[in-house]
Amino acid sequence: MADQTRLDAWWRASLERNEGGDPAMDAATYTQLVARFSIPLTTVELFLSREPRLQLWTQGHLVHAVGMEHGRPMSCIALFPQQFQVLEEPPDDDDVDVRILWGPTGTSKSVVLILKGHFLLRKGCGTVFVLQTSRDGAAAAYLVGHQVRETAGQGAGSVQLVNMAEVLDEDVDWTEEGKKTVQAWVEELCQHAQTHGRVHILADEAECDVIAEIYRALKQRHVRFTLWAAGVKLDVPADMERYVRKLTQPLRSPPAVVREVEQADDMKEGTVPAYTRPPVSAPCDGPPVLTVGHYHDEYRGDRQGHEGDYPSQCARCGELVADMLRDLRVGCDDNAPHGQGGLTYSDVFVLGGMDCDTDTPDDDELSPAPFIRGLESRGVPTRKVDHNDTAAVRQLAEMTSGPTQRAAGRGRDEAVTVANENTVWGLERHVVVYLEYDYADTTGRLRSMSRSTAQVIWVKDIRDIDSDSDTE
Ligand SMILES: [Zn+2]
């Protein structure tokens with residue numbers, strides 16, 4: 001950041017002029033000022049897939065809609081030094097440009113990948129391959145590809161999605177055909193490199209085993225390549241450790257949500273890196289997490305109308321959540337502050353460990369059918385998304401809402417999305433309703449709550465733990 005150097009010089013000079021300086025100006029305040037002043041120099045424009053996010057703690061200054069460009073709605077986002085450094089740092093080697101972005105949820109890893117892809121296309125690279133390497137990475141891969149293509153505005157051929165999710169099995173071990181599939185694709189890449197000089201690959205929610213296999217094969221074949229991957233839980237092999245860059249500043253969720261995500265087991269145990277202080281202090285804490293109690297058993301002798309083992313099996317919980325959404329003015333036409341339009345049903349995810357696949361019968365213990373019935377009985381439209389329905393998952397990734405989108409003719413039927421938390425890994429919504437699977441659920445904070453840019457509604461499984469342990 002050239003201007004930071006100038007600011008540093010100015011700061012030192014002003015200290016010399018005014019001996020001792022201003023006692024109120026400590027190092028942290030100064031760093032924040034530098035970040036603030038530097039921001040307009042490093043803004044980028046991206047295709048707008050959702051209404052500008054982070055309204056809560058950017059107060060509209062760091063992310064905002066900038067209107068239409070060639071029929072595409074665009075947003076302007078400010079880059080912070082941590083992201084900017086990753087993008088600006090030159091590769092160790094002209095031929096091999098590799099980066100592994102590692103950090104907890106909501107730290108702009110996808111945004112950095114999208115910008116990398118956009119810069120590559122703008123420099124005339126022709127094609128960017130966007131790779132899906134994990135079973136739960138479909139939405140993230142599609143989102144990155146879609147955003148790169150729309151931001152660059154260079155037509156359908158500029159981004160190619162490649163699905164390698166099946167090369168690993170459910171235990172993340174190589175399948176019988178797995179390595180052969182990767183080798184065959186590397187062969188195609190070699191041919192692509194012969195014609196185009198170089199290959200460019202992006203992979204969000206990456207599995208390091210697959211990334212390392214591709215990296216080693218391309219190096220062995222002396223292909224010139226760009227390989228940028230990102231993930232939350234990564235097992236980086238020793239020969240790739242030097243490419244790791246950590247992104248750890250929480251930029252998606254307000255502090256109230258970040259505090260919950262930080263208590264996820266994976267974060268406490270360190271398999272997911274810890275959050276660090278955000279580059280600017282949040283102007284507010286965000287709305288407190290709202291809770292609904294699902295009375296699991298004869299808790300204090302009364303289930304209060306609740307049914308089923310899990311919140312997803314309970315129509316009463318659905319009704320209570322519908323009431324909360326109404327209190328939040330979701331789906332109400334008159335809820336527009338500052339004339340911007342308010343929350344719509346498509347700003348809401350209902351997530352958890354339930355099974356939303358179409359072949360799961362409604363009376364299955366993991367089906368969310370009763371909860372959905374409760375929501376709909378109070379007039380909340382819902383859309384259940386099957387984990388294996390590629391078209392529906394892609395629609396979620398590019399799903400649009402808000403007045404800018406409606407003006408652009410991009411609005412879709414408004415509905416609350418009900419899905420397994422793994423289906424939407426990589427996506428975000430303003431409101432996340434988290435249906436606790438049971439009281440010992442340890443993944444929901446990381447997998448579900450972290451999708452929220454503003455409000456979390458936590459449907460808690462309340463049970464009498466003592467009597468429960470007696471029966472086990
Ligand atoms: Zn309930």
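**Entry 1, ground rules.** I am working from a predicted model, in which local features need pLDDT of at least 70 and side-chain atom pairs count only at pLDDT 80 or more, while totals for chains, interfaces and linings use all residues. I number residues from 1 along each chain as its sequence is written, and side-chain values use heavy atoms, with hydrogens and water left out. Helices (H or I, at least four residues) and strands (E, at least two) are DSSP runs numbered from the N terminus.

I looked up the burial of E7 (residues 199–203), taking buried as under 20% relative accessible area, with a 1.4 Å probe and protein chains only. I found 5 of the 5 residues buried, so E7 is largely enclosed by the rest of the structure. Val199, Ile201 and Ala203 point one way from the strand, and His200 and Leu202 the other way.

I then checked its partners, where two strands pair if DSSP finds at least two bridges between them. Strand E5 (residues 128–132) runs parallel to E7 and is joined to it by 3 bridges, with Phe129 partnered by Ile201. Strand E8 (residues 225–231) also pairs with E7 in the parallel sense, over 5 bridges, and here His200 has Thr226 as its bridge partner. Between E7 and E8 the chain passes through helix H8 (residues 208–220), and I noted this β-α-β crossover as right-handed, meaning that, with the strands pointing away from the viewer, the path from the first strand over the helix to the second runs clockwise.

I traced an open sheet of 6 strands, paired in parallel, in the order E10-E15-E14-E11-E13-E12. Strands E10 (290–295) and E12 (382–384) stand at the edges with a single partner each, so one side of each is left without a neighbour in the sheet. Neighbouring strands are turned by 20° against each other on average, direction ignored, the axes being lines fitted to C-alpha atoms.

Last, I looked at H13 (residues 390–397), in which Ala392, Val393, Leu396 and Ala397 are buried. They cover an arc of only 145° around the axis, taken from the directions to the C-beta atoms, which puts them on the same side of H13. These buried residues pack (heavy atoms within 4.5 Å) against helix H6 (138–152) and strands E11 (348–352), E13 (416–420) and E14 (429–435).

Methods: Buried < 20%, exposed > 50% of the residue type's maximum accessible area, 1.4 Å probe, protein only. Axes fitted to C-alpha atoms, helices over the stretch in contact; angles between N-to-C directions.
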